[in-house]
Amino acid sequence: MLDLDKIIDDVKKCNHVPENDILELCLLVQEILIEEPNIQLIDTPITVCGDIHGQLHDLLTLFSIAKYPPETKYLFLGDFVDRGFYSLETFLLLLCYKIRYPDRVFLIRGNHESRQITTVYGFYDECLRKYGSANVWRYCCEVFDYLALGAYITNGSSGGDGGVFCVHGGLSPDITSIDQIKYIDRKQEVPHEGSMCDLLWSDPEENIPAWAVSPRGAGFLFGQNETERFCYKNNLNLIARAHQLVMEGYKEVFDGSLVTVWSAPNYCYRCGNIAACLTIDDDYNRTYQVFESDDSSMVVQSKILPNDYFL
Amino acid sequence: MNARKDKVIRSTDVDALSSRYFAVKKDYIDDPYMDIMVDGLKELLPFTSNINFSISRNLKSAFETPKLPAINRGTYIRTKSIDLVVEQFLRKFKEEPEVQVVSIGAGSDTRPFKFLSLYSNLKYFEYDFVESVKIKKAIILRNKELSSIVKFQNLNDVEKDFSNYQEFLRYDENLFTPNYNLCPIDLRLLGDKYNINSLQNLNPNIPTLILGECVLCYMEPADANQVIKFFHDNLNKSSILLYEPIGGDDNFGNVMVKNLSSRGISLPNLMHYNTLEKQFERFTKELKIENLQIADMNFVLNNWIDGDELNRINHLEFLDEVEEIVLMNKHYCLILAQWGDLNFKPIQKFQLVHE
Ligand SMILES: C[S@@+](CC[C@H](N)C(=O)[O-])C[C@H]1O[C@@H](n2cnc3c(N)ncnc32)[C@H](O)[C@@H]1O
């Protein structure tokens, strides 16, 4: 039997977790995730968090500011892994909380929860370095395929003030109503194109008249028109998404109808940005809590590759 | 002057070279001399110290760990934009009997070989610390192609270079050929220990382009300005092109200072001249050089590279670091200043222009 408390404790300290425990953890969480719909229905109040990217110490700071689960109910918008030095610990911690408090912790998929991306941006190498084989990475990738694609936050009233649609990246030209997302067969590697890809890859862009090509090479750019149309059609008062570094931690655009939330302070130990999480209360009021990188995470500095700058 | 600190500053050349190495491998830029340089450095750099173990290890990892796509793209625009300016300069003066390029803190740059093979009226000067200069000299003389590009004439009579620290210390440090001058100069001593006559063969009266690519940033502001002033005072028709990091008015610069200090690298200019505007005032007010153009690397990328080429590099690698590359590029800039009746007007646009 898994000793979750012990694993949580070990992970927080970055102690080694046996490979077999990780396998068991991943299998357990898959059983929970498989029951979840593509778009999870979540009641207010809830705290929404953006990209974490393996910055475990900053995630712990976030929890200490916004309170540890189960006291606060959380939705994480994906991109748990890659770039930071503690992707594995970050992901395992979130999985542990998911297993322990399945109705208080929600995880949806980001574009980095993919086999292809994690081999370029660090998670694969990290697992190999820490375990000497890719097994652990493989178990985690299995979990990625089960993660939901988005969430719909509601205060339960049937009134007309709409809910909050949450997704990692953004909108897709192939999707006009949230209902359409329910029919996607999500249990697969993130495809290179199509609606599932777009939800995880797209970005909002100010001052564009219509859908445009994304410089990321996947997903689309969408503007205020597309956003307003989607909100109107689906009776939403907000789209909350992550995916893009914002120096202030959060950024509302399109007259407040869309927000980007970013929860990795001093991203990649280099960008110098602030991080934030967003709490939505029963009246759909938004409260942002911002936080900076804890100096203790500067411990990792000795490992920084000099090549992160142009010298 | 602190020898330990200088050694760390010299080591930044390996960063610059390895970044270019991977940008070449990924087809961002073309550089037929890259492998000669890298192989030479791998072989010779360990002899520059009597404790060579850590040098070898760092070198190995520098050329084995590929760079992330964002770094490759930043390296691309750095190399490409400087090439574009140099090319225009040389084209403008191609009918002149002679034209000079002076690279300060040249490191393992391969640009001299590229341009010397294209322009027969070009005289190229490279200055760096003595260790870097000795290595580069040995690499050139060991290679037939490079030796012939720099018109080295006594190929049958090359002095023996070095295969240990003692020999390295004894190795002669200058290379003067009809079109190429490589010699050791601590730039901080220009105008002090060195006067214009110490820069052998340099002609103060012909069109000259000074290149400083990530070099002045490692010096104290007063030293860096003294370098610029030295050339301003001593060369009559000249232009200086700098590629420099700028701290910015966000937190990026502070984090950069902190991160690089953990490697022993200090960047005294970074926060001192942290914005384009401050760099602008540095030249116009402090150095009294009026003819000036400045742009950050986002501007350069968006305005200097045509659509097809942009499309080509955007498709070389899949890149998820879109916001980061914009953030990085915002914190690096190109500065082109000139004096004397040079009248050099590159077609590329800059952000801040003063005449
Ligand atoms: C980051 S490297 C850049 C090399 C080359 N310009 C490039 O961009 O590839 C900086 C170079 O400047 C040289 N340098 C720095 N300070 C110097 C000084 N005071 N005198 C001579 N060379 C110096 C270093 O030795 C090193 O080769």
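**The ligand and the contact around it**

Analyst: The ligand lies between chains A and B. Keep in mind that this is a predicted model. In all, 22 residues surround the ligand, and the closest are R20(B), R78(B), G105(B), D128(B) and L187(B).

Let's go through some polar atoms there. D128(B) uses its side chain: one of its polar atoms is 2.6 Å from a ligand oxygen. L187(B) comes in through its backbone instead, with a polar atom 3.0 Å from a nitrogen of the ligand. R188(B) also faces a ligand nitrogen, this time with a polar side-chain atom at 3.5 Å.

Now step back to the two chains themselves. Chain A puts 31 residues into the contact and chain B puts in 35. Between them they bury about 3,000 Å², with carbon and sulfur atoms giving 58% of that. On the chain A side, the residues that lose the most area to chain B are Y309(A), F310(A) and L311(A), which together make up 33% of what that side buries.

The rule picks out 4 salt bridges across the interface of chain A and chain B. In a salt bridge between side chains, R216(A) meets E323(B), at 2.8 Å from N to O.

While you have chain A on screen, a few backbone spots are worth a click. Most peptide bonds are trans, and most residues other than glycine have a negative phi. T44(A) and P45(A), though, are joined by a cis peptide bond with omega at about -10°; P45(A) sits in the loop between strand 1 (39-43) and strand 2 (46-49). Another cis bond runs from P69(A) to P70(A), with omega near 10°, and P70(A) is in the loop that links helix 3 (56-66) to strand 3 (74-76). N207(A) isn't a glycine, yet its phi is positive, about 60°. You'll find N207(A) in the loop between strand 7 (203-204) and strand 8 (212-213).

One last stop is an annotated stretch. An unreviewed UniProt entry places "domain: Serine/threonine specific protein phosphatases" on residues 108-113 of chain A. In the model, that span is 0% helix and 0% strand, and its end C-alpha atoms lie 9 Å apart.

Technical notes:
Residues are numbered from 1 along each chain as its sequence is written. Chains are lettered from A and ligands numbered from 1 in the order in which they are written. This is a predicted model: local features need pLDDT of at least 70, side-chain atom pairs count only at pLDDT 80 or more; totals for chains, interfaces and linings use all residues. Side-chain values use heavy atoms; hydrogens and water are left out. UniProt positions are given in the numbering used here, feature names are shortened, and annotations may be inferred rather than shown by experiment. Helices (H or I, at least four residues) and strands (E, at least two) are DSSP runs, numbered from the N terminus. Contact means heavy atoms within 4.5 Å. Buried area is the accessible area (1.4 Å probe) that two parts lose on being put together, summed over both. A residue is near a molecule or strand if one of its heavy atoms lies within 4 Å of it. A polar contact is a pair of N or O atoms within 3.5 Å; within protein, one must be able to donate a hydrogen and the other to accept it, and residues adjacent in sequence count only if both atoms are side-chain atoms.
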